Amino acid sequence: MADNLFYSRRKYIKYFVFFLALAVSVPASVRADETDPYAKERKAMLEEQIKGRGIKDARVFSAMDKVKRHLFVPEGLRRLAYADSPLPIGFEQTISQPYIVAYMTEAARLKKDDRVLEIGTGSGYQAAILAEIVDEVYTIEIIKELADSAEKRLKDLGYSNVCVKCGDGYLGWEEHAPFDAIIVTAAPPEIPEGLVKQLDMGGRMVVPIGSFFQELYLIEKTASGIKKERLLPVRFVPMVHPEEDE
Ligand code: SAH
């Protein structure tokens with residue numbers, strides 16, 4: 001009898017220790033989930049869509065690992081933030097597919113002290129990725145509501161090296177030109193010469209060209225002239241002129 005009692009006490013102690021361990025460990029993991037509930041999805045995106053498809057630039061990986069893409073999509077779509085596709089962000093615009101963001105960023109061959117211009121701020125996601133890699137980012141968005149919300153989002157997330165402007169991207173941003181790189185995330189029908197002018201010598205522009213059928217181009221300003229290289233077929237929203245944006 002005494003033995004049994006001892007035995008069952010030991011059993012209770014074992015249970016007690018087990019539940020204590022559970023109580024200590026569960027809140028810790030819940031806390032981790034609260035700050036980064038999509039960490040697993042983001043890792044999977046990096047492995048499958050980014051590394052798995054041949055992106056090699058380690059700075060692009062770490063930027064895409066660090067920036068929480070789910071904070072750049074509408075709340076109702078957060079579960080899909082790391083899916084292999086573009087997503088709507090309102091005003092008939094989209095945040096680009098993660099692979100395309102990585103591809104364009106890598107193609108621009110960025111250096112830390114580069115000054116980069118983005119055309120088409122949208123959600124601000126591409127601007128945040130750029131801001132993780134280079135010192136200075138300028139980004140222009142033609143739709144006022146998107147420019148305002150992206151500016152607030154980037155500020156709230158602590159990106160003090162991004163300047164957002166609402167305006168016509170075809171005009172570039174003369175006061176801050178020349179740029180080491182320009183990333184255009186809406187498709188003009190042909191190469192925007194005004195933007196080529198704002199590239200520094202040795203500068204690179206990554207831009208989708210076309211209307212229904214589009215190709216991504218890498219344009220480089222070299223001492224011997226403008227070099228154009230066709231990279232891959234893509235599908236972006238059109239880069240509009242202000243009068244069309246009604
Ligand atoms: N880079 C964005 C996605 C861009 S979607 C992101 O990471 O979320 C393309 C954006 O280009 C749209 O928001 C659209 O309003 C904007 N756009 C279209 N024409 C433009 C122009 N002429 N100047 C500036 N922005 C333009």
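Analyst: Rings of Phe, Tyr and Trp (its six-membered ring) pair if their centres lie within 6.5 Å; planes under 30 degrees apart count as stacked, over 60 as edge-to-face and the rest as tilted. By ring pairs, Tyr138, Trp173 and Phe179 are linked into a cluster. The model is predicted, with local features needing pLDDT of at least 70 and side-chain atom pairs pLDDT 80 or more, while totals for chains, interfaces and linings use all residues. Residues are numbered from 1 along each chain as its sequence is written, and side-chain values use heavy atoms, without hydrogens and water.

User: How many aromatic pairs does a search of the whole structure find?

Analyst: The search finds six aromatic pairs.

User: Why is the pair of Tyr38 and Tyr82 called tilted?

Analyst: The ring centres of Tyr38 and Tyr82 are 6.2 Å apart and the planes stand at 35°, so the pair is tilted. Tyr38 is in the loop between helix H1 (2–35) and helix H2 (39–51), and Tyr82 is in the loop between helix H3 (58–66) and strand E1 (87–90), 44 residues apart. Helices (H or I, at least four residues) and strands (E, at least two) are DSSP runs, numbered from the N terminus.

User: What makes the aromatic pair of Phe212 and Phe213 edge-to-face?

Analyst: The angle between the planes of Phe212 and Phe213 is 85°, with 5.0 Å centre to centre.

User: Why does Phe213 count as exposed?

Analyst: Exposed means over 50% relative accessible area, buried under 20%, partly exposed in between (1.4 Å probe, protein chains only). Phe213 has 70% relative accessibility, so Phe213 counts as exposed. Phe212, at 57%, is exposed too, whereas both Tyr38 and Tyr82 are buried.
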